[in-house]
Amino acid sequence: MSWRDRLHRFDLRYVPYLLVAPFFLIFLVFGMFPLLYNGVVALRHYRLDDPTLTGWAGSDNFARLFTDSDFWNALYNTLGIFLLSTVPQLFLALVLASLLNRRLRAQTWWRVGFLVPYVTPLVASTLVFGVFFSRDFGLANWALQTLGLGDPAAPIDWRATKLASWTAIATMVNWKWIGYNALLYLAAMQSIPRDVYEASALDGAGAWRQLWRITVPMIQPVVLFTVVLSTIGGFQLFTEPMLFELNSQAATGGANGEWQTVAQLIYKVGWKDLNLGYAGAMSWALFLIVLVVAGFNAWLTGRLSGGRR
């Protein structure tokens, strides 16, 4: 076999693996290793304020989760904010994408405009929303009072109750991600032949019926992708609730944990209370919860969108 044949054989057999190897190496070092090491930490007594407290804890850290009221409160808050953000977010993104898929004036301007919130720095936008939802001088209360929905004598304290704080944080999340998801849906809608819509229009189907009977089933893979991605992001929510707090260093999510998420609680337990073993157990619990909820949402979305065919 000549050297040219050997080089050609090497090129076909081994070069593809060499090209993808950097990704897997980086993933192993910065992804898999921290995940596995965190699992080891979760099974040990590991406190930064007491180096002498070491040793194997077994399932003690995980068993503690079942009786920890702070963890269940944080999980309840996370689920509430997730529902208030993800469901309206994906629904409005679908509607906006359907509108952008039509022939509009200044079409490019509208598409770029919806992407502006996504490219805005998260910290900057969250700080602005923190002022927007201020109790005494916030524009949110002013807008509600202008519409006759608020009482000037008793403005809403957006940081005092669960529902108010959930709504404020969900608004931040929706503002950030609606345009991004809308452009993903729009890109998928561009591949749908116009003949399908024209034929359905001849059969008497309106725009709303076309959206749910034609568009959604035909872009089902992208819908599943956004549902899973939104589920992961929703359960890992950290920056918005962290900066929404007036004293963001406390990571308590309000005076009584009104909006403290699981990610905030993990940060507090690990880096404020210095209990890394218990924080590791919380991290793995959150990881498993995200897997279960994301899988269920993917299955449910597939059933619903498939059932509209």
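This is a predicted model: local features need pLDDT of at least 70, side-chain atom pairs count only at pLDDT 80 or more; totals for chains, interfaces and linings use all residues.
Local features require pLDDT of at least 70 and side-chain atom pairs pLDDT 80 or more, whereas totals for chains, interfaces and linings use all residues. Residues are numbered from 1 along each chain as its sequence is written, and side-chain values use heavy atoms, without hydrogens and water.

**View A. Tyr76 and Trp166 form an edge-to-face pair.** The structure holds 23 aromatic pairs (rings of Phe, Tyr and Trp, the last by its six-membered ring, with centres within 6.5 Å; planes under 30 degrees apart are stacked, over 60 edge-to-face, the rest tilted). For Tyr76 and Trp166, the centres are 5.3 Å apart and the planes meet at 70°. Tyr76 belongs to helix H4 (residues 69-100) and Trp166 to helix H8 (residues 162-189), 90 residues apart; helices are DSSP runs of H or I with at least four residues, numbered from the N terminus. Trp166 is buried at 9% relative accessible area (buried, under 20%; exposed, over 50%; partly exposed, in between; 1.4 Å probe, protein chains only).

**View B. Tyr118 and Tyr180 are stacked.** Their ring centres lie 4.6 Å apart, with the planes at 25°. The pair ties helix H5 (residues 107-119), which holds Tyr118, to helix H8, which holds Tyr180, across 62 residues in sequence. Tyr118 is partly exposed, with a relative accessible area of 32%.

**View C. Ring pairs join five residues into a cluster.** The members are Phe129, Phe132, Phe133, Trp158 and Trp175.

**View D. Arginine charges sit over aromatic rings.** The charged end of Arg64 is 3.9 Å from the ring centre of Tyr278, and that of Arg159 is 4.3 Å from the ring centre of Phe244 (criterion: NZ of Lys or CZ of Arg within 6 Å of the ring centre and within 35 degrees of the ring normal).

Conventions: Helices (H or I, at least four residues) and strands (E, at least two) are DSSP runs, numbered from the N terminus.
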